[in-house]
Amino acid sequence: MKKITFLISTLLFALCFTNCKEKTYFKEIVSEKNVGITLAEFPKNREDLVVTIPLEFNLYLNNFPNIWFVNIYYEKDNRLCSDVDDYIIYNSKSDEIIFSLDRYQYPNYPNSIYLVERKMRISKEEAQKFIERYNPKTAVENIKSTNDTIPLVSYKKFREDNPKFIEELRRVPDSITFVIQKKKEKDPILIKEKINW
């Protein structure tokens, strides 16, 4: 009897593990990539600065051989953002820009990606405070173009050091949505999750 109970328990655990695994397509993680300060994309003056925060996700898409395509949508302050104009997605391993996950196929999806918003404005005074704290050998004045970024510190450390800044990011919940279409399935899977900043 004990052997049968053990066997049934093992089978139920394996079944649960398989089903749970199937539902995990991505997971937000606290990035070790650097936060930075740069000039806004279309600056009106030298004080038009943005802070770049890497929002990172582990991807588990390679666990699903029947995925046909994947789209990602980012929503900030209750507004659907436009990729490239409002944010850019990078391969975490290579830091290469990803314009579309459709260029990948199973089993070649990246294991992780990070998203950087391009319009997270910051005042010159606040930017200078961050620079003085994390990269005191440089200054806001060193940012001459959108190609110049002053690295600060890893997002993990930045998040620990600046709870009020993070609290403000969380004031209006932001979200990310993965739309996953599987082969031979009529309807795509929509997974929307709140960003935890």
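Student: Which strand gives the most to the lining of the largest pocket?

Tutor: This is a predicted model, with local features needing pLDDT of at least 70 and side-chain atom pairs pLDDT 80 or more, while totals for chains, interfaces and linings use all residues. Residues count from 1 along each chain as its sequence is written, and side-chain values use heavy atoms, without hydrogens or water. A pocket is an open set of points on a 1 Å grid over the protein atoms alone where a 1.4 Å probe fits, with protein on both sides within 12 Å along at least five of seven lines, and lining residues have an atom within 4 Å of a point. With five residues, the top contributor is β2.

Student: Which residues lie nearest the centre of that pocket?

Tutor: β2 (34–39), β3 (49–52), β7 (87–91), β9 (112–117) and β11 (149–154) each supply at least two lining residues (strands are DSSP E runs of at least two, helices H or I runs of at least four, numbered from the N terminus). Of the 23 lining residues, those nearest the centre are Thr38, Thr52, Tyr90, Val116 and Thr149.

Student: Which residues of α4 are buried, and which exposed?

Tutor: Buried is under 20% relative accessible area, exposed over 50%, partly exposed in between (1.4 Å probe, protein chains only). In α4 (163–170), Phe165, Ile166 and Leu169 are buried. They share one side of α4 because they cover an arc of only 95 degrees around the axis, taken from the axis-to-C-beta directions. On the face turned away, the exposed ones are Lys164 and Glu167.

Student: What covers the buried residues of α4?

Tutor: Look for contacts, meaning heavy atoms within 4.5 Å. The cover includes β3, β5 (67–76), α2 (124–134) and α3 (155–161).
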